[in-house]
Amino acid sequence: MPRDLTLHVLGHTYLSREGRPVPVSAKGAALIAYLTLERRPFHREHLAELLWQSGDALRNLRVELNRLRHLLPDLIPERQPMLELTLPCDLDRWTERAADLHPDEVGEWLSLGTGVPLSGLEDLGSPELRAWVDSQRWRITQVVETQLSSAHARLHRAGQHDAADLIAARVEQLGWALRTEQPQGAELSFTGPDLHRPLLAALRAARGCPQVALLSGRSAQTRREVVSGLAQGQWQSLHVECPPDPDLLLAALLHQLGALLPDSEARLDLLRAPHATRHNTVRLWTLLTGITQPLIIVLNDVTDPALILPHLQVALNLPVDLLLVLCPAHDAARRDLRAALSGTDQSRVHALHLPPLGSTEIMDALAGRQSTWTEERRSAYAARVAMDSDGWEPLARSLLADHTDLGSSRPALLSEARDVLLRDLNWVPVALRDALARLAVAHAPISPSVAGALLDDAPGFLAHAEHLGLLRPCDPVETVHLPQLHYRPADRNDTLCFASEPLRVALAATLSRAARQEIRQQLARTTADPRLAAHYLRLSGQDAPVPAAPGTTLRGVPAPPSDPPPTMPSGPRVECRTGSGYRVILEGGALQVLRHGLYGRPVTLRLPWGPLPPGAWQLSVRVDALRGGPELGQPCYALGFQVGGSALLLGTTPTLDVPVGPRAAYYVAPQGRWVTLRGESPGGPAELQVQAMDVAVTVAHLRVGTATLLQSGARA
């Protein structure tokens with residue numbers, strides 16, 4: 001591969017050799033940029049579909065590759081089904097230069113690094129390529145902003161104020177903001193291009209035609225970071241906490257917009273009497289026509305759609321660049337908002353849900369903090385943080401600040417995270433919150449009989465909590481169908497689980513120790529499970545022998561290590577969450593299952609996928625964490641696999657106690673290491689299974705006969 005070539009992404013995208021541009025076509029530049037910035041191999045079919053939207057996409061790719069080989073013979077080898085390429089990039093050289101930048105070089109350095117990244121690739125290829133350009137442009141912009149801030153701080157400390165002022169002026173001209181340097185251990189940000197991508201389409205459509213986005217998921221802080229990162233200096237963003245009173249909402253909007261509006265007589269009249277009449281609502285939004293800068297207005301913690309609709313009906317008809325982002329306070333508010341918006345032009349309504357925090361995001365956030373760790377160790381650590389935080393960023397930050405590494409025991413819910421959780425429940429009625437605290441003491445799913453033993457009006461409380469999304473239906477055996485990630489709890493089952501284990505723990509902690517002891521003794525008297533009853537008695541301070549459970553013991557065989565280990569998953573992510581808290585994730589062609597579950601008997605997760613052809617099968621898997629409650633008598637394993645007559649279980653302990661009847665080969669995997677298992681199958685339905693209280697397991701390769709079900713590096 002030629003080493004004298006450079007890919008330019010800071011500004012117009014092109015290729016150069018020894019400082020001179022190489023005459024590569026726009027499609028060729030896009031192909032080279034995609035392969036270089038992604039840093040992994042891709043199938044030709046994927047690249048062809050990405051760059052050409054036509055039936056002869058593969059032929060067009062072959063023609064383009066022939067042109068590149070004729071121009072640059074050593075660039076891309078022939079006859080390779082998967083293409084990969086890594087060239088030196090001007091972004092890397094520009095970043096390296098920032099570390100020892102001389103004050104006299106600042107002007108030239110700024111001219112090279114502050115153009116619009118990847119210019120010229122906006123209108124090429126498929127919508128997927130355009131979305132990729134947007135996400136990479138955001139990522140590169142974040143790198144540039146960071147380097148500008150670091151160089152500014154370093155020059156300012158060195159007394160080179162003129163050079164530092166040059167950087168500050170350019171940053172202000174671009175509409176960015178200099179970042180203050182954060183010490184080691186400062187709060188991490190987990191926002192990335194995948195979180196911004198869904199909102200980019202809404203932002204583009206909002207030019208001249210106001211749009212509304214319904215944004216849910218993640219924490220309020222992350223939603224704020226996503227919107228702020230989306231603006232990138234080209235849009236002005238305002239955040240308004242949505243009060244429950246229409247007059248207060250009108251006043252809040254008026255005061256937030258005050259910094260952008262001129263002191264007109266109409267604005268002063270509204271300030272004197274901000275009553276939410278229809279006339280005043282029209283007057284407020286009409287003031288926006290005097291603002292020239294595009295505007296994003298975020299309404300946080302929306303609970304009542306009736307407060308919002310009058311504002312939407314006016315705002316969506318204004319001739320301005322405007323995106324209204326509505327963030328519901330809870331699941332019920334999200335459903336009510338979607339119903340209220342059903343009469344609005346749906347082409348202008350964007351319902352977006354930010355997925356829970358994943359291990360890939362944690363790895364990216366930690367890349368600069370644990371540079372001495374191997375990638376394998378960082379990956380295992382990130383998976384355990386993603387598991388123990390249940391995808392909730394405030395808890396992930398607490399875990400990262402409190403633990404240098406996570407062991408095999410479950411960490412306690414730290415006080416900072418507990419306080420945030422409880423503060424976010426301020427909108428819940430006091431009676432319901434007290435009822436949920438009593439239910440939270442139970443270490444089993446909430447059945448009507450359990451609720452009836454602890455509450456007076458159990459059906460009413462359960463229905464209200466389920467409507468708000470604080471409790472969710474769950475089944476003793478949950479099924480997620482692959483590869484569509486289709487999941488639906490059974491309508492006939494009336495058992496509920498808390499929406500998250502940290503939520504349950506935080507609510508239980510609001511009770512006094514004496515109240516929890518009294519509830520545990522009550523649960524011990526009402527449960528029909530002798531092992532669970534003994535568990536409650538021991539927690540309440542009483543001696544209770546553990547009843548013996550009939551079964552058999554499987555002795556483990558060491559699982560053979562993978563050689564070479566699979567590549568780490570990278571690519572689009574889709575996720576499904578079950579009622580009991582299993583997170584099933586497909587990312588970059590790999591499957592990951594995470595769970596931070598109820599401290600009780602683990603629920604079985606079934607992942608059916610079949611039928612499949614006969615032949616040899618191969619499974620590459622890594623277990624980063626596995627925990628269970630052994631005193632409750634249910635076997636705990638990270639992965640089960642069945643196809644035809646083959647059946648295996650994978651765990652981390654030397655032996656596994658299972659009920660009488662099941663027969664399977666049992667393999668023992670070292671935590672945090674890839675292993676590969678093989679066998680023969682006559683074909684038929686295939687199924688993966690997981691049964692654990694807490695688990696982080698990743699399957700990067702699964703092949704049965706001629707069917708490849710999972711392959712890291714392929715598209716999810």
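Strands here are DSSP runs of type E with at least two residues, numbered from the N terminus. The structure on screen is a predicted model.

**Stop 1: His8**

Select residues 5–8 to show strand β1, and then pick out His8 within it. Is His8 buried or exposed? Its relative accessible area is 15%, and the cut-off for buried is under 20%, so His8 counts as buried.

Next, display the side chains of His8 and Ser16, which are joined by a polar contact of 2.7 Å.

**Stop 2: helix α5**

Move to residues 106–113, which form helix α5. Colour Val106, Trp109, Leu110 and Gly113, which are buried. These residues span an arc of only 100° around the axis, so they sit on the same side of α5. An α-helix has 3.6 residues a turn, so residues three or four places apart point the same way.

What covers the buried residues of α5? Show α4 (90–98), α6 (127–157) and α7 (161–174), which are included in that cover.

**Stop 3: Ala365**

Finally, select residues 359–366, helix α15, and find Ala365 there. Ala365 has a relative accessibility of 18% and counts as buried. For a distance check, select Ser150 together with Ala365: the two are 215 residues apart in sequence, and their C-alpha atoms are 17 Å apart in space.

Notes:
Residues numbered from 1 in each chain as written. Predicted model: local features only at pLDDT ≥ 70, side-chain atom pairs only at ≥ 80, totals over all residues. Heavy atoms only, no water. Helix = DSSP H or I, 4+ residues; strand = E, 2+ residues; numbered from the N terminus. Buried < 20%, exposed > 50% of the residue type's maximum accessible area, 1.4 Å probe, protein only. Polar contact = N/O pair within 3.5 Å; in protein donor to acceptor, adjacent residues only side chain to side chain. Arc of directions from axis to C-beta. Contact = heavy atoms within 4.5 Å.
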